[in-house]
Amino acid sequence: MRNIKEQFILLLATGLGIGYAPHAPGTFGSLLGPLLVMGILYWNLAFPVYLILTVVLFLVGVYVCNQGAKILGLDDPGCIVFDEIAAFTVVLIPVVYWPSSANYLWISIIAFLWFRLFDIWKPWPVRFFDRIHGGWGIMADDYVAAIYAAICLYGTLIVLGWF
């Protein structure tokens with residue numbers, strides 16, 4: 001029987017339970033990322049505050065993912081998807097203050113595809129960070145994959161003439 005603190009940590013770590021999806025939990029967790037960013041953007045924060053929040057989410061994620069893995073007794077359980085969700089604060093940096101939300105759905109789809117590509121493929125140094133144990137490794141590989149995805153998202157938007 002888990003105590004309330006452990007239940008709360010697992011609720012956060014699993015993206016409110018979406019990480020328990022029977023197939024591709026990381027993909028399902030990634031679907032919540034653009035929604036998280038939309039929620040943050042609702043508050044119309046200054047860009048430096050958005051960047052600070054991105055770092056805070058990373059640090060909270062290190063703790064939550066580390067504790068969640070310990071509770072489950074696994075090194076990097078697939079059901080922990082907080083890392084995929086929080087990484088979207090990095091993926092969507094190129095469009096955080098997009099002048100119009102008209103294309104946000106399409107931009108989110110493109111961002112999602114780029115992020116999943118790099119999160120699954122794990123090119124260097126994503127794979128390097130994926131090998132680090134505990135919360136730091138769980139979070140770091142997704143944030144590095146998110147940097148790749150953000151760069152590709154920016155390039156895609158330029159090619160499409162949306163920038």
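Me: Why are H6 and H8 called oblique to each other?
Reply: In this predicted model, H6 and H8 pack at an angle of about 135 degrees, with axes 8 Å apart. Angles under 35 degrees count as roughly parallel, over 145 as roughly antiparallel, 65 to 115 as roughly perpendicular, and the rest as oblique. H6 and H8 are therefore oblique. Axes are lines fitted to C-alpha atoms, for helices over the stretch in contact, and angles run from 0 to 180 degrees between N-to-C directions. Helices (H or I, at least four residues) are DSSP runs, numbered from the N terminus.

Me: What is the handedness of the crossing of H6 and H8?
Reply: Right-handed. That label applies if the near helix is turned clockwise from the far one by less than a right angle, and left-handed if anticlockwise.

Me: Which residues make the contact of H6 with H8?
Reply: H6 brings Ile107, Ile110, Ala111, Trp114, Phe115, Phe118 and Asp119. Among those from H8 are Asp141, Asp142, Leu153 and Leu157. Contact means heavy atoms within 4.5 Å. By class there are 13 nonpolar, 1 polar and 3 charged residues. Ala, Val, Leu, Ile, Met, Phe, Trp, Tyr, Cys and Pro count as nonpolar, Asp, Glu, Lys and Arg as charged, and the others, Gly among them, as polar.

Me: What makes H4 and H8 oblique?
Reply: Their angle is about 135 degrees, with axes 7 Å apart. H4 and H8 are therefore oblique too. H4 passes H8 in a right-handed crossing. This contact has 11 nonpolar, 5 polar and no charged residues.

Me: Why is H5 called largely enclosed?
Reply: 10 of the 10 residues of H5 (residues 82-91) are buried, so the helix is largely enclosed by the rest of the structure. Buried means under 20% relative accessible area, exposed over 50%, partly exposed in between (1.4 Å probe, protein chains only). The cover includes H1, H2, H3, H4, H6 and H8.

Me: What makes a set of residues a nonpolar core?
Reply: Its members are buried Ala, Val, Leu, Ile, Met, Phe, Trp, Tyr and Cys residues joined through side-chain atoms within 4.5 Å. The largest has 41 residues, and Phe88 and Leu153 are among those with the most contacts inside it. H8 gives the most, with 10 residues.

Technical notes: Residues numbered from 1 in each chain as written. Predicted model: local features only at pLDDT ≥ 70, side-chain atom pairs only at ≥ 80, totals over all residues. Heavy atoms only, no water. Helix = DSSP H or I, 4+ residues; strand = E, 2+ residues; numbered from the N terminus.
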